[in-house]
Structures are given as structure tokens and as C-alpha cells.
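This report describes one structure, shown below with its sequence. Please keep both in view while reading.

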Amino acid sequence: VTAKINGIGTVTLDSEEVIREAREAYEGLTDNQKELISLEQLKVLIEAEKTLKELKENKANQEAADSVTAKINGIGTVTLDSEEAVREAREAYEGLTDSQKALISQEQVEVLIKAEETLIGLKTDKAKAEAVVEKIDAVGTVTLDSRGAIEEARAAYDALTESQKAMISAEKLSVLTEAEIKFAELVDGDAAGKVIELIDKIGEV
């Protein structure tokens, strides 16, 4: 048993087998035999077991931290399709112990926070763009009564930022533009009709 304990040497993650064998050999001794093992030797075994446990815990902590780092790095350029990846990275980070979180660099944490902020901004932009699309759709068939709906849709579109405007398809924007053109034509036609009507009335005098 003493030879097995002495054979442990410097404890590494590869020492598990020799430490286990030394412990099993010691536990296999009778009480009288155990008394022949010096306290110093027994302390060496106990310290070896303690060190091995710490090494295994450190490895597990590093692996957990590395897994989260990989998830954060995996987010990449944030788009509206990144929500699941961002959420998984955040949940993985929050699932770490304090010791494991300490192994994540502050730079990596900031990457995650920035990704979350960017995603929130994109979702806000999308919501505003969708609200404008709804206003464009609400114009419907253009009549002389469509002025309010058309102007409201145009004002809402013009109030968007460039990134928000980019979320509205060219096809959808053309619906608004065509509605404005159609309305202008109706107004011109109506005005012309009224002029002709007035001329006709003059002829009746």
C-alpha cells in the first residue's frame, strides 16, 4: 500500500486510476495493517484525492464555460433569425455557477449583451415596419375618400428610419405609390368634371 501511495507522484487528471488503486488497497487492509501505514503516508493519499477532485471540478467548469463561449461565438451577425441562438446562449450562461461564469471573459459577455440589444432593436424596427404595411394595406381600393388613409400611410412610412424602411418590400411600397398616383388622377378627373359642369351651367344662362 505504501508503494502504491508513493507511486502516485504529482497528481494530474491522469492520476485517477493509481489514486483509486491506492485507496482500494488501503481500505482492503485490516485495522492492524492500517496502523502500520504512517499518518504522513495516509495524508499523502488524502491530499492526492483532494487534488484530483479539484482538478476534475476545474475541468468540468472549464468545459461548461467553453460550451457557453461556443454558443456566444455561434451567434454571429445578429438578424431577426438569431433569436433562438441568442436565447440559448443567454440561458446557457445563466445556467453556469459563479465559478464557471468567472471563466467567461468580459469581452464574451459583452458580445452576448450586444447581440441581445441588437435583436431587440431589430424586433422594434420590424414592428414599426409592419405597422406601416398595415396602414398601406388599409388604403384598399382608391376612391376620392381615400385621402386620409393614403396620407396617413405615407406619413408613417416617411417617419421610419432607413433600416426600418428597408424592411418594407419594394412591392409593398409600390402599392402606396400607385395609390397616391391613382388618387391624384381621381382628384384631377373630379376637378375637371366640376369645371365642365360649371361651363355647362354657364351655357344654360
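The sections below cover the basis of the model, its helices, their packing, the cores and some single residues.

## Basis

This is a predicted model, in which local features need pLDDT of at least 70 and side-chain atom pairs count only at pLDDT 80 or more, while totals for chains, interfaces and linings use all residues. Residues are numbered from 1 along each chain as its sequence is written, and side-chain values use heavy atoms, with hydrogens and water left out.

Helices here are DSSP runs of H or I with at least four residues, numbered from the N terminus. Helix α4 covers residues 39-73. Its 35 residues reach 50 Å from the first C-alpha to the last, close to the 51 Å expected at 1.5 Å a residue; the expected span is 1.5 Å times one less than the number of residues. Helix α7 covers residues 106-139. With 34 residues, α7 reaches 50 Å between its first and last C-alpha, close to the expected 50 Å. Just after α7, Gly-140 has a positive phi of about 60°.

Buried means under 20% relative accessible area, exposed means over 50%, and partly exposed lies in between (1.4 Å probe, protein chains only). The buried residues of α4 are Gln-41, Leu-42, Leu-45, Ala-48, Leu-52, Asn-61, Ala-65, Val-68, Thr-69 and Ile-72. The cover over these residues includes α1 (2-6), α2 (16-27), α5 (83-94), α6 (98-101) and α7. In α7, the buried residues include Gln-108, Val-109, Leu-112, Asp-125 and Val-139.

Axes are lines fitted to C-alpha atoms, for helices over the stretch in contact, and angles run from 0 to 180 degrees between N-to-C directions. Angles under 35 degrees count as roughly parallel, over 145 as roughly antiparallel, 65 to 115 as roughly perpendicular and the rest as oblique. A crossing is left-handed if the near helix is turned anticlockwise from the far one by less than a right angle, and right-handed if clockwise. Contact means heavy atoms within 4.5 Å.

The axes of α4 and α5 come within 9 Å and cross at roughly 160°, which makes α4 roughly antiparallel to α5. This crossing is left-handed. Here Val-68, Lys-71 and Ile-72 of α4 meet Glu-88, Ala-89, Ala-92 and Tyr-93 of α5.

Helices α5 and α7 pack at about 140°, with axes 10 Å apart, so α5 is oblique to α7. The crossing of α5 and α7 is left-handed. On the α5 side, the contact is made by Glu-83, Val-86, Ala-89, Arg-90 and Tyr-93. On the α7 side, the residues include Val-109, Leu-112, Ile-113 and Lys-123.

Helices α4 and α7 pack at about 45°, with axes 10 Å apart, and are therefore oblique to each other. The crossing of α4 and α7 is left-handed. Thr-69, Ile-72 and Asn-73 in α4 meet Gln-108, Val-111 and Leu-112 in α7.

## Nonpolar cores

A nonpolar core is a set of buried Ala, Val, Leu, Ile, Met, Phe, Trp, Tyr and Cys residues joined through side-chain atoms within 4.5 Å. The largest has 16 residues, and those with the most contacts inside it are Val-68, Ile-75, Val-78, Tyr-93, Ile-104 and Leu-112. Helices α4, α5 and α7 each supply at least two residues of this core, and the largest share, five residues, comes from α7. Beyond residues up to four places away in sequence, Tyr-93 touches Val-68, Lys-101, Ile-104, Val-109 and Leu-112.

A second, separate core of 14 residues includes Val-139, Ile-150, Ala-153 and Leu-176.

## Single residues

Val-139 is found in α7 and is buried, because its relative accessible area is 9%. Leaving aside neighbours within four places in sequence, Val-139 is in contact with Ala-149, Ile-150, Ala-153 and Ala-179. The C-alpha atoms of Val-139 and Leu-176 are separated by 8.2 Å, although the two residues are 37 residues apart along the chain.

Gln-108 also lies in α7 and counts as buried at 14% relative accessibility. Outside four places in sequence, Gln-108 touches Thr-69, Ile-72 and Asn-73. Glu-185 lies in helix α10 (residues 170-204) and is partly exposed, with a relative accessible area of 48%. Glu-185 and Leu-144 are 41 residues apart in sequence and 9.7 Å apart in space, C-alpha to C-alpha.
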